[in-house]
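Please open the model in a viewer and keep the selection tool at hand. The stops below are meant to be taken in order.

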Amino acid sequence: MGMPARHAARDGSTVAGGGSTVAGGGSAATRRVVRRLRPLVRPERGVLLGAAALLLAGTAAETVTVWLFGRLTDRALVQGSPREFCAPAAVWLAVAIAGGMCGYAGHLLEARASGRLLGRLREAMLARLHVLSPTFFAQRPAGDLLTRFGSDVDAVDELVGTGLVQAVTTGCGVVCFTTAAFVLCWELALLACAAAPLHWLLTRRLAGRVRAVSHAERAAEGRIAAVAEENIAASALVQTHGMAAHELRRLRHHGAAWRDARFAAHRLAAANAVLASLLETVFVLAVLGVGSWEIATGRLTVGGLLSFAGFLGYLYGPLQELGELVVAVGSAVAAGERIAEVLDHPAEVADAPDARPLGRVRGHLRFEHVHLTYPDALGPALDGVSFALRPSELTVLTGGSGAGKSTVTRLLTRLHDPSAGRILLDGHDLRRVTLASLRRAVTVVAQDSPLVDGTLWENIAWGEPDADPARVAAAARAAGVDGFAARLPDGYDTPLGQSGRRLSGGQRRRVTLARGLLRDSPVLVLDEPTAGLDDTAAEPLLRTLRRLAADRTVLVITHDLRLAARADHLVVLDRGRLARPASESLFGPDGLTITGNVRP
Ligand SMILES: Nc1ncnc2c1ncn2[C@@H]1O[C@H](COP(=O)(O)OP(=O)(O)OP(=O)(O)O)[C@@H](O)[C@H]1O
């Protein structure tokens, strides 16, 4: 939970990002979004075309029914002849049934394509998130990313899944009804069509404004979701620190921005609808006036004029719908840009073209003059660090807060690459091996490893869902999970709740340790494994670590001197550089190798 100023700056960056794209030309943005999303829509092309064809058949049937209405009026109603009623009425009903069935099938196909597209968009986003670095996540509130998954994906789906088909059928409907109107009375049709350019001007004016407003609305929605997400995660903290009023103010602040943007969007849409409807009334009155004159001169029948009025209803309806579609396009383009920002965000690390999988890993690790400066950081997190880790050795990496210890673990699994220098595993530069094989060889049990919403057993087996149950049980025993598992209501089958809320901090840490041990990788890295454990609880864990170190490379990051005393090798960092321990005598037995400011 942050101070308002910090949030303002961070939130501002999101808006600025959105703002800069808003500033780009509207049609250019639409083209960019269409180009980006086209591969995801392509598999649905056939189904969408089928839906459009069926909906068009429905529109054609409607055109025929309007024409039949005119015939019925002239033959049965005006002449008062019930015998003339039955035949056209039966045809009308048959056409209406056929048209209705086409419309029904078309909408079903449309819904099917839309559902699949929605799934594909979400999967593409999640797949992209899986390759993005911690820096990406550090720069964006989780709530904002969640909004991109939810309402942004919905807006794009609404446009592509239903809007595209609607655009085709509406466009064809306009052509159909215009042709029918010209066949019926070309003079009146010409007059009626004068409304089209005015509609077009109205729609064009609307389009640019809607996109800008939608961007602001979606960015505000993201910030609201971020506040909600932070408040849910830190509900106890908000209560105990008396921050409820402050958090409500934050929500109200973002809510006001969202309300303003939403109100502006509604105002635009409503003004457009009213103007379009007024335009329609003026033209209908003009058509009826001229139509009555045409009837008086005998060039048109009453039925013909009624049919014409019917066509106008069908013609102006789609013209209005095109205006509504413009609103949907503006909103979808704004949402599409936010989705594309995730899909196109470059991955900080990726497999090199010539990357090879690691074979059997022995576990010789070597940092050679490694530097790392995080994006936007003022100074390096690691500054020319060199040390070596060997198999069958337990190495302790220690140092003050912010010294660069966790950065070392991120480099080992290539969440980042060094800005300079290199890291070798069994002589292979990590940048030359495949990410998958490296991440199989190196397991990091981070201090804040999250638990998933599942049972205790599922959480331990999370990294190895097909693991032999005997191995899962052994990992649980080795990590000391056994002790508290027996006291849970359903033992290993007890659901832990979201983020493992049912467990204490120390118990959660043991579950993540068991999960790490189960992977049985040749390099094991543990971040503060004994944090929060008293001597009695820490002792079995220390014995386990020593046992594990017998046949693999173990690196333990800790401030805990109990661990340093059991280590074979000590690496000390201070503000990103290797340093001498403050008091070497503290660190245990004879034979302890210390990598301080001496290069290995
Ligand atoms: N994603 C990031 N972006 C920018 N700077 C970062 C990032 N992560 C860490 N840093 C900075 O890099 C430095 C080293 O951080 P690191 O997390 O490696 O320290 P640490 O030794 O693990 O600290 P601690 O013991 O407090 O966990 C710190 O100054 C930190 O502010």
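The tour goes from domains to annotated spans, then to helix pairs and the ligand.

This is a predicted model, in which local features need pLDDT of at least 70 and side-chain atom pairs count only at pLDDT 80 or more, while totals for chains, interfaces and linings use all residues. Residues are numbered from 1 along each chain as its sequence is written.

**Domains.** Select 28-343 and then 365-595: the domain assignment of the chain gives these as domain 1 and domain 2. Such bounds come from an automatic or database domain assignment. The centres of domain 1 and domain 2, taken over C-alpha atoms, are separated by 54 Å.

**Annotated spans.** Next select residues 46-69, 89-109, 268-290 and 296-316, where UniProt, in an unreviewed entry, places the feature "transmembrane region". UniProt positions are in the numbering used here, feature names are shortened, and annotations may be inferred rather than shown by experiment. Residues 89-109 are 100% helix and 0% strand, with end C-alpha atoms 30 Å apart. For residues 268-290 the content is 100% helix and 0% strand, and the end C-alpha atoms lie 33 Å apart. Helices (H or I, at least four residues) and strands (E, at least two) are DSSP runs, numbered from the N terminus.

**Helix pairs.** Show α7 (residues 186-193) with α10 (residues 244-296): they pack at an angle of about 165 degrees, their axes 9 Å apart. Axes are lines fitted to C-alpha atoms, for helices over the stretch in contact, and angles run from 0 to 180 degrees between N-to-C directions. α7 and α10 are therefore roughly antiparallel to each other (under 35 degrees counts as roughly parallel, over 145 as roughly antiparallel, 65 to 115 as roughly perpendicular, the rest as oblique).

Then move to α15 (residues 469-478) and α17 (residues 505-518), which pack at about 130 degrees with axes 8 Å apart. α15 and α17 are therefore oblique to each other.

**Ligand.** Which residues come nearest to the ligand? Of the 14 residues around the ligand, they are Tyr374, Ala381, Ser401, Ser406 and Thr407. The elements giving two or more residues to this shell are α5 (134-138) and α12 (405-412). A residue is near a molecule if its C-beta atom, placed from the backbone, lies within 6 Å of it. Domain 1 and domain 2 each supply at least three residues to the shell.
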